[in-house]
Amino acid sequence: RKKRTSTTKSSLSPRKRKRPGRSKAARSRANASSPNNNDNDNKTKIVYKASRQKYDFDEMFRRVELYRELYGHARVPYKMPTDPALAAWTKTIRSRYFRGTVDPAQVKQLDDLGFAWKLGAGG
């Protein structure tokens, strides 16, 4: 059997592969908003990230509570079309739990709620 060879223009010219990462528009937005080595801007960003991290846990904990009220349990699945952010967060918090990087107070809050750290046939 002979191999088929195509001599179209596209097969003769090398294809440019897209590089993974952010789009050109995203890179330009990031460059436009980057600080110009101003110490005050850097301090503000650090404080914002720290407060955002706490907000994320509190907000997602509230969503787990709502999930429990709706479904009667806190075994949030890994995939959930109605709230994909909650599903992604629970996957992350479970991963962090097994690595031992979740704050013990947060673990206690989730344990008290009946949060399922491990999903599967046994729960």
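User: What do the side chains of glutamate 59 and arginine 63 form?
Analyst: A salt bridge, at 3.3 Å from N to O. The term means a side-chain nitrogen of Lys or Arg within 4 Å of a carboxyl oxygen of Asp or Glu. This is a predicted model, where local features need pLDDT of at least 70, side-chain atom pairs count only at pLDDT 80 or more, and totals for chains, interfaces and linings use all residues. Residues are numbered from 1 along each chain as its sequence is written, and side-chain values use heavy atoms, leaving out hydrogens and water.

User: How many residues apart are glutamate 59 and arginine 63 in helix α3?
Analyst: Four, so about one helical turn separates them. Helices here are DSSP runs of H or I, at least four residues, numbered from the N terminus.

User: Is glutamate 59 buried or exposed?
Analyst: Buried, at 18% relative accessibility. Buried is under 20% relative accessible area, exposed over 50%, partly exposed in between (1.4 Å probe, protein chains only). Arginine 63 is partly exposed at 24%.

User: And what does arginine 62 do with glutamate 59?
Analyst: Their side chains also meet in a salt bridge, 2.8 Å from N to O. Arginine 62 is partly exposed, at 39%.

User: Which residues are in the network?
Analyst: Salt bridges link Glu59, Arg62, Arg63 and Asp83.

User: Switching topic, where do aspartate 112 and lysine 108 lie?
Analyst: In helix α5 (residues 104-113), four residues apart.

User: How many salt bridges does the count come to?
Analyst: Four, by that rule.

Definitions and conventions
Helices (H or I, at least four residues) and strands (E, at least two) are DSSP runs, numbered from the N terminus.
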